[in-house]
Amino acid sequence: MSDEELTENLAAEEAVEETETQEPSPEKSAPEDRETAGPFDIAEVPAMRPYVDLGGIKIAPREGLQMRLEVDERAKRVVAVSLEYSGSLLQVQAFSAPKTSGLWNKIRVDLTTQLEQQGAAVEEEAGALGPELVTKTSVPEDQGGGTRIVRFIGVDGPRWTLRGVLMGAAALEAEARENMFELFREIVVVRGDSPMPPGDLLPMRVPAGVQAGQQVAQQNGKSAQA
């Protein structure tokens, strides 16, 4: 991931953290069929289905999927999982949320402010999963020049918010985006029963036998299962 993309992602995490001290939006943002089509809460998924168990997030393996864990070296913790598939990249994080309200509506407002302050052009669009943000930033000439487009998506579930960052083909092409939406909707969130302030990142862990930052799903789609 480039420095510019990491900067955008850091801004996104800071935007989530700001929701801890501000009144969250009273409404949740999610597709009407979320409970049956995903992204799922752990209570909504049959136990026998195989997943890559990352703690707060479970990923459904598939052929051709590459998976990496993103680590905050200062805090020594896993902060995101990146899914690479068919020329697209989807970076995912899950956060705690209030019982009866969501965070995505508020997060979008904070994201827009943060990213515009960094010089990005930000537009909100209606997507298949609900409102999403499309950001455009100029790429320095020594990195190839042009414009980088990144999409932020989010869905509120029961006591959690799942946020994704789309890069590569999925940020530009509708067909590629649909493929990544399928991956996003197959994700299972494990909120747990412990009290957590709204906006806290759900803890993730490295699967046994894998080092953080390494690929955790091979091209054949086979991986550690829950």
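Thr137 has Arg148 as its bridge partner in strand 9, and that is where I would like to begin, with strands taken as DSSP runs of E of at least two residues, helices as runs of H or I of at least four residues, and both numbered from the N terminus. The pairing behind it joins strand 8 to strand 9 (residues 147-157) in the antiparallel sense over 6 bridges, where two strands count as paired if DSSP finds at least two bridges between them. Please keep in mind that this is a predicted model, in which local features need pLDDT of at least 70, side-chain atom pairs count only at pLDDT 80 or more, and totals for chains, interfaces and linings use all residues. Residues are numbered from 1 along each chain as its sequence is written, and side-chain values use heavy atoms, with hydrogens and water left out.

On its other pairing, strand 8 (residues 130-138) runs antiparallel to strand 7 (residues 121-127), with 7 bridges joining them. These two strands form a hairpin with 2 residues between them, and Gly127 has Gly130 as its bridge partner.

Just after helix 3, Gly119 takes a positive phi of about 95°.

Finally, Gly102 lies in the loop between strand 6 (88-96) and helix 3 (104-117), and is buried, with a relative accessible area of 1%. Its C-alpha atom is separated by 6.0 Å from that of Glu27, 75 residues apart along the chain.

Note on methods:
Buried < 20%, exposed > 50% of the residue type's maximum accessible area, 1.4 Å probe, protein only.
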